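This report walks through one protein model, part by part. Please keep the sequence and the structure in view while reading.

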Amino acid sequence: MKIMLGPRIAVVLSRIDVVTEALVTRQTDFAGRTDICFVNVITDGGKDIANASYGPTWKLHRKIASKALSENTDSESYKTYVVNLDNLMKETEDGFLEDLIPLLHLCPTPRFRRVVGIAERIGEAVRIEIAAHREKFKKDELRDFTDALILAQKEAEEEDDPTLMSQITNTHMVNAISDLVVAGTDTTRNTLHWSLLTMALHPDIQKKVQAEVDSVIDPELNVHVSDRNRLPYTEAVLHEIMRMRTVVPTGIPHSTLCDTTVGGYDVPKGTMVFINHDALHFDPDQWEDVNTFKPERFLDSEGKMGPKPESWLPFSAGRRVCLGETVAKPELHLFLAGILRVFTISLAPGTQHDFEPRSTGAQNTPGKYQIVAKSRS
Ligand code: HEM
């Protein structure tokens, strides 16, 4: 469908055939990002990954980040990022008038100014982290994404390649690191929030996960990422949670890079395009008993994970597919299996909570709920 967001035309794709046509068949046509005022301000004009224009600089940073993601480490500054991120999410969830009424850019609202302040605080914490990394940097012992960026910057300087140097400035580094924090933290923890709530609301399903974990994992050992394939029911439960409670229901808006078409309709260059992941996950033509929580739908007749249903797309697809999918899925699986191995989750006595999303913003969240984690030992 076509909608107007203030003066801006946007197209919303809500069926898997048109989403596949846009993201996979015509992938480059739909690989752009759109001009959003507050995003532009907090990313220094898209000098990050998620909001960068499709082109060589975006490609370079995606490549460095994908390679380095598997080595991300703990960092003290992460706590600073997360506190500021909480505030950033609260302040941005209703969107900004500045994006609908362009003239307001000249005199931003107080909330807009607050958001810029929060983004600056995250940026400052990242700058301190980069400086600390530079001091201990060793070319042959890369610790994480920050080290990978420092190396890429040094190599560009050594090669005296001005184009490359202009693609890995300090500003790009700060924004790319902040990006992974922003894109990776809330998505993962909101999925975990939904997972714990689901377990509290479905004790029968929780028992099945516990039975699977108990039967597969040696009681003397911890659960490992490598156990994932041996815990398919747990994996199916996570898939069903991500289907029914898509944490990024309408993704990050795309934009068309040329005049193109989708579903037989013309879409002019520069059109904002939303992928309605939530609609894909509730399409009654694609899912049986669409409103029922049914992890078995992801399993084959032998109880193993079957092929991915086409209309399951929480991480999107194509050129802009989520960079963190390969990290988020095993991480969430490890958390869920690890928690349920040790604890039984239930709602706190005297409290009630349902499965309805509470947030009005860009992310689906369950709101605040109270649980009891009772030791199983
Ligand atoms: C449950 C967890 C997650 C979900 C559901 C999720 C979902 C998404 C979605 C829907 C997009 C938009 C894709 C598009 O534009 O079509 C996206 C983009 C992105 N995600 Fe994730 N994400 C998750 C975790 C992560 C993690 C852990 C990281 C990094 C550590 C990450 C990094 C990114 C980045 C950098 C982009 C922008 C990609 C680009 O524009 O090229 N995400 N994610």
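Asn190 is a residue of helix α9. The model is a predicted one, and the values below are computed from it. Is Asn190 buried or exposed? With a relative accessible area of 7%, Asn190 is buried, because buried means under 20%. Setting aside neighbours within four places in sequence, Asn190 is in contact with Val247, Gln363, Asn364 and Thr365.

Trp194 also lies in helix α9. The structure holds eight aromatic pairs. In one of them, Trp194 is paired edge-to-face with Phe355, at 5.4 Å centre to centre and with 80° between the planes. This pair links distant parts of the chain, since Phe355 belongs to the loop between β8 (343-347) and β9 (371-375), 161 residues apart from Trp194. Trp194 has a relative accessible area of 0% and is buried. Phe355 is buried as well, at 13%.

A second pair is made by Trp287 and Phe298; this one is tilted, with 5.9 Å centre to centre and 55° between the planes. Both residues are in the loop between α12 (277-281) and α13 (325-342), eleven residues apart. Trp287 counts as buried at 5% relative accessibility, and Phe298 is buried with a relative accessible area of 3%. Together with Trp312 and Phe315, Trp287 and Phe298 form one aromatic cluster.

The charged end of Arg245 sits over the ring of Trp194, 5.5 Å from its centre. In a like arrangement, the charged end of Arg243 is placed over the ring of Phe282, 5.5 Å from the ring centre.

## The nonpolar cores

Which residues touch the most other members of the largest nonpolar core? Of its 44 residues, they are Phe38, Ile49, Ile64, Val126, Phe145, Leu149 and Leu180. Elements that give two or more residues to this core include β2 (8-13), α3 (56-68), α6 (110-136), α9 (170-201) and β7 (272-275). α6 gives the most, with eight residues.

Not counting residues up to four places away in sequence, Val126 touches Tyr81, Val174, Ile177 and Ser178. Apart from this core lies another one of 36 residues, among them Leu196, Ala236, Phe293 and Leu299.

## Around the ligand

How many residues are around the ligand? There are 26, and Arg33, Arg62, His254, Ser316 and Cys322 come nearest. The elements α3, α9 and α13 each supply at least two residues of this shell. Helix α9 gives the most to the shell, with six residues.

| Residue | Distance to a ligand oxygen atom |
|---|---|
| Trp58 | 2.8 Å |
| His254 | 2.7 Å |
| Arg320 | 2.9 Å |

Notes
Residues are numbered from 1 along each chain as its sequence is written. This is a predicted model: local features need pLDDT of at least 70, side-chain atom pairs count only at pLDDT 80 or more; totals for chains, interfaces and linings use all residues. Side-chain values use heavy atoms; hydrogens and water are left out. A nonpolar core is a set of buried Ala, Val, Leu, Ile, Met, Phe, Trp, Tyr and Cys residues joined through side-chain atoms within 4.5 Å. Buried means under 20% relative accessible area, exposed over 50%, partly exposed in between (1.4 Å probe, protein chains only). Helices (H or I, at least four residues) and strands (E, at least two) are DSSP runs, numbered from the N terminus. Contact means heavy atoms within 4.5 Å. Rings of Phe, Tyr and Trp (its six-membered ring) pair if their centres lie within 6.5 Å; planes under 30 degrees apart count as stacked, over 60 as edge-to-face and the rest as tilted. A charge sits over a ring if NZ of Lys or CZ of Arg is within 6 Å of the ring centre and within 35 degrees of the ring normal. A residue is near a molecule or strand if one of its heavy atoms lies within 4 Å of it. A polar contact is a pair of N or O atoms within 3.5 Å; within protein, one must be able to donate a hydrogen and the other to accept it, and residues adjacent in sequence count only if both atoms are side-chain atoms.
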